[in-house]
Each structure stands twice: as C-alpha cells, then as structure tokens.
Amino acid sequence: METLDIKLPQMALLYGLCLLPWLLLWLIGLRLSRDIGVGILRMSVQLALVGIYLKTLFDLNNPWLNGLWILVMLLVADLSILRRAGLKARYFVLSTFIAIASSILLSTAYLVILVIQPTHFYDARYIVPLAGMILGNCLQGNVIALERFYSALRKNENEYTTFLMLGATRWEAARPYFREAVKAAINPTIAGMATMGLVSLPGMMTGQILGGSEPWLAVKYQIAIMICIFTSSTVASIINLKLNLAIAFNAFDVLRDEVIKKP
Amino acid sequence: MPPIIRFNQVSVTAHEKTILSDISFALFVGEKAALCGKSGSGKSSVLRTLLGLHPLKSGTVYFQEQPLTPESIQIIRSCTAYIGQEPILGAESVREALLLPFQFKAHRGHRPTQAQLLEVLQRLQLPEDILSRDSSRISGGEKQRIALARGLLLGKKLYLLDEVTSALDAESKQVVFDVFSDPQLTVLSVAHDPEWMDRCGSVYELEAGRLTQVRRHGNS
C-alpha cells in the first residue's frame with residue numbers, strides 16, 4: 001500500500017488553508033502576519049533541508065555517516081537544553097552531553113539491537129528517526145529537570161542552608177529539590193502514557209498508519225518508543241542533575257552564581 | 001586555652017561589593033558575644049562567613065585553631081548551630097523537624113529517645129503537645145526555641161544567633177538566657193536588644209563591614 005503523494009499544485013492549495021486563520025486573527029485585531037509568515041517559511045525550509053539530508057542518509061546508509069548525524073543531533077540538543085534552562089554552556093556542555101548521549105545510546109541500542117533486530121543495526125531507517133524521537137522528548141525532560149532544580153534551590157536557599165547547618169552533605173541537603181526536579185521532568189511522560197490513545201492518536205503511530213503499516217504494527221512501535229522515551233528521560237535527567245551537583249557548587253557547598261545566566 | 005573562633009584580618013566580597021573588611025577577633029569557649037551595628041553593617045555576614053557561606057577574599061578564619069577549608073567545613077558545621085529570626089524547620093510536624101538532622105549520615109544512629117525530646121522541650125519551656133503540631137502553625141518565637149532545641153539535641157557547642165531575642169517574650173528570653181548560662185556553650189550573636197547585649201561578655205560594633213568598637217563586660 002503506497003501513500004498518496006501530494007503534488008505541487010495541491011501543496012500550494014495546502015498553504016492556502018493558512019489564509020483562514022490569518023484572516024480570523026487579523027479580524028480580531030491580532031497583527032501576527034510577520035510571525036505567521038516567518039513560522040511557515042522556517043518550517044518549510046527546515047523540513048525541506050531535513051528531507052534532503054534524510055534522503056542522502058537513507059541512500060548512502062553508511063554507519064559512520066549515521067553515527068555522525070546522531071552526534072550532531074546530540075550536540076544541538078545539548079546546547080538547546082542549556083540555553084532553555086538558562087545555564088552557561090561553558091560549565092555544563094560536557095555534563096549534559098554525557099547525560100543525554102549515554103541515555104539515548106542506551107535506549108536506542110536496546111530498542112534497535114535487542115528488540116527490532118534489523119539486518120544492520122546501523123540502518124538509517126531505524127536509528128535516525130527513533131534516536132531523533134527519543135532525543136526530542138529527552139530534551140524536554142532535561143530542560144524541565146534543570147530549570148526546576150535551580151529554581152527550587154534558589155527559592156529554598158535558606159532551607160538548603162539550614163539542612164547543611166544541620167549536618168547534611170550537599171547531596172542530602174539538595175535531595176528534596178533533586179527529587180522534585182526529576183519528578184517534574186518525567187511526569188509529562190508518565191501522564192502521556194496513561195492517556196495515550198484516549199485523547200489523541202500518537203504522532204508516530206499516525207505516521208506509520210499513513211505510511212501503510214498495519215495498525216497492530218504501529219501500536220507495537222508506539223509502545224516501544226514510549227518505553228524508550230520514559231527510560232531515557234529518567235536516566236538522562238538523573239545523570240544530568242547528579243553531574244550538576246558536582247559542578248554548580250563551590251567547595252563549601254554553596255551554589256556558584258556565575259554558572260547561571262542572568263535573566 | 002586557644003580560642004574556639006578566630007578571625008584574622010578577614011575580608012569578604014560578594015558580587016564585587018565589600019561586605020567585611022579586615023575583621024579580626026577571637027572568641028573563647030563559654031564566651032557570649034554580640035555583634036551590633038546598623039543593618040547592612042556586616043553582622044550577619046560574620047556568622048555566614050564562619051559557616052563557609054561566603055568565600056574569603058583575604059585573611060583566615062580559624063575554628064578550634066584549624067583554618068576554615070573545604071575539608072574542615074563539615075566539622076565546623078557539625079559543631080555549630082545557626083538560628084535565625086525565622087528558623088526553617090524543614091519538616092511537616094515539629095517532631096519530624098526535631099528528628100530531621102538524624103536522617104543525615106552525620107547524625108544517623110544518635111536519634112534521641114522520646115524522653116530526651118521531652119526533656120529538651122521542658123528545658124525550653126515548650127509544651128509537650130507541640131511535638132504533634134504542624135510546623136507552619138507555630139509562632140516565630142516558638143520556631144526559634146525549636147531550632148535551639150534541635151541544636152541541643154545535636155549536642156552543638158557553638159551557637160550563632162541572628163536576632164534571636166527579637167521574637168521572644170520576656171519569659172522565653174529568660175529561658176534562652178538560662179540555656180546559655182552553661183559555660184560549655186559559646187554564643188556569637190547578632191543583636192539589637194540592650195538586655196541581651198548586657199548579658200554578653202563582649203560586644204563588637206560593626207560599621208560598613210569594619211570592626212569599629214569592642215566593649216567588654218566583667219561577667220565573662
């Protein structure tokens with residue numbers, strides 16, 4: 001079963017649908033033409049580029065090239081996490097990289113090598129989209145974990161200090177905020193699993209069904225990806241926060257101001 | 001006998017602002033001392049510096065003649081109780097708050113018995129039923145006495161008190177004075193209260209991060 005192609009005139013027709021929200025927004029007095037234009041243009045150009053390199057990646061299917069592609073995704077995710085969490089890259093670029101790289105490699109390798117078992121484990125058709133999807137969700141989780149950890153620590157600075165004064169080690173004193181941060185990071189994934197299929201059809205499953213897969217196969221892949229996302233988000237946020245505990249404090253267990261970007 | 005605390009030409013800056021400059025003083029075991037001065041003069045910073053919360057720019061802080069270093073900070077913190085204006089109890093109920101430090105590795109295995117809890121409450125004239133009360137529902141003065149009780153349960157010898165008497169009524173204040181009449185306990189306090197300062201053996205006056213005056217009373 002082949003998916004029906006969308007031809008060029010139909011693509012143009014598709015963009016035409018945007019005129020409706022644009023008109024409505026304009027009527028209610030929201031002047032967002034510029035933002036909408038930029039958004040649609042960026043989406044189109046970025047996806048076109050992704051199309052080009054995915055096509056190349058799939059055609060060549062070279063293990064080194066696939067590996068390099070994953071490495072690039074990891075680096076981009078690394079910097080994006082730190083920027084969004086308001087942390088200075090110079091202090092945390094390595095720790096966040098270690099956290100996400102180890103957890104993504106673990107869960108992707110587990111899924112591809114042990115579960116899916118393609119002829120070549122490096123097959124771009126499997127590792128590139130799967131690693132990408134897991135990484136995307138892991139990124140969200142790590143942003144929340146870091147952001148929440150530092151905001152809880154700063155909000156409860158006196159409590160943290162009190163714990164230190166009562167004989168707690170750095171780890172013992174920071175543990176409440178550490179737990180809070182991990183919980184906030186993985187809660188969306190747990191809640192997402194609990195409502196999966198009820199509220200909306202998950203994106204990957206929809207894609208596979210459109211691509212001609214049997215619904216059962218699509219369901220199994222969706223379960224696989226959710227379990228991997230849950231695993232990698234948990235592992236990555238715990239490793240990342242543990243490394244942060246070692247980096248972001250001075251020898252007297254006081255949070256170093258200079259590691260956090262000024263708002 | 002060597003001093004328990006000694007500041008030797010200590011200067012501290014935070015966010016490029018000088019908060020303490022060239023502070024030198026010594027405190028001996030059993031001594032009760034007060035730091036006074038306008039707000040922002042650096043009184044609380046002296047206490048925080050001793051606890052390793054401000055990095056030193058120059059000079060040395062000694063605790064039992066050991067310089068303050070990342071290695072010695074655990075010892076200093078384990079011997080010292082810091083009690084502020086509104087101490088943080090850090091647990092749901094008062095009982096949990098009193099037992100909180102005994103969850104930490106440093107104090108695990110020294111958990112006080114019920115009898116010891118009651119004894120310390122009595123010493124601070126706190127009612128027994130306060131144990132089951134919610135931490136958020138007790139007054140500032142009670143919180144200070146509970147923080148003090150926690151210090152006593154931990155066997156702390158040095159008490160850093162930041163404006164402690166401000167929230168206490170006359171009776172509670174007397175209770176706190178009585179506790180600190182113990183010659184084993186050393187007190188370094190930040191105070192405005194003249195009655196408290198009268199009871200302190202030495203009073204250090206600070207102005208803009210400098211030590212400007214030292215008054216000594218005979219009773220120490």
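Predicted model: local features only at pLDDT ≥ 70, side-chain atom pairs only at ≥ 80, totals over all residues.

Student: What class does A:Lys220 fall into, and what makes it so?

Tutor: The exposed class requires 12 or fewer neighbours and the buried class 20 or more; A:Lys220, with 16 C-beta neighbours inside 10 Å, falls in between and therefore counts as partly exposed. A:Lys220 is found in helix H10 (residues 215-247) of chain A, and 9.0 Å separate its C-alpha atom from that of A:Met205, which lies 15 residues away along the chain.

Student: How do you know whether B:Pro2 is buried or exposed?

Tutor: B:Pro2 has 10 other C-beta atoms within 10 Å, and because the limit for the exposed class is 12 or fewer, B:Pro2 is exposed. B:Pro2 lies in the segment before strand E1 (5-14) of chain B, and B:Pro2 and B:Asp129, which are 127 residues apart in sequence, are 42 Å apart in space, C-alpha to C-alpha.

Student: What makes chain B as compact as a globular protein of its length?

Tutor: The secondary structure of chain B comes to seven helices and 10 strands. The globule rule gives 17 Å for 220 residues, and the radius of gyration of chain B is 17 Å, close to that value, so chain B is as compact as a globular protein of that length. Its C-alpha atoms fill a box of roughly 45 × 40 × 35 Å along the principal axes, and buried residues make up 39% of the 220 residues in chain B. Among contacts in chain B between residues at least 6 apart in sequence, 70% join residues at least 24 apart.

Student: How do you know that chain B touches chain A, and which residues take part?

Tutor: Two residues are in contact if their C-beta atoms lie within 7 Å, and by that test 17 residues of chain B are in contact with 16 residues of chain A. Helix H2 (residues 73-79) of chain B gives the largest share of the side of chain B that touches chain A, namely three residues. By class, that side of chain B has 11 nonpolar, four polar and two charged residues.

Student: Which residues have the most contacts inside the largest nonpolar core?

Tutor: They are A:Phe149, A:Ala181 and B:Leu160, in a core of 108 residues. Helix H6 (residues 124-155) of chain A gives the most to this core, with 17 residues. Not counting residues up to four places away in sequence, A:Phe149 touches A:Tyr177, A:Phe178, A:Ala181, A:Leu241 and A:Asn244.

Student: What are the domains of chain A, and how far apart are their centres?

Tutor: The domain assignment of chain A gives domain 1 (1-60) and domain 2 (62-259), and 29 Å separate their centres, taken over C-alpha atoms. The contact takes seven residues from domain 1 of chain A and 10 residues from domain 2 of chain A.

Methods:
Residues numbered from 1 in each chain as written. Chains lettered and ligands numbered in written order. Domains from an automatic or database assignment. Helix = DSSP H or I, 4+ residues; strand = E, 2+ residues; numbered from the N terminus. Nonpolar A, V, L, I, M, F, W, Y, C, P; charged D, E, K, R; others polar. Rg over C-alpha atoms; globule rule 2.2 N^0.38 Å. Core = buried A, V, L, I, M, F, W, Y, C linked by C-beta atoms within 7 Å.
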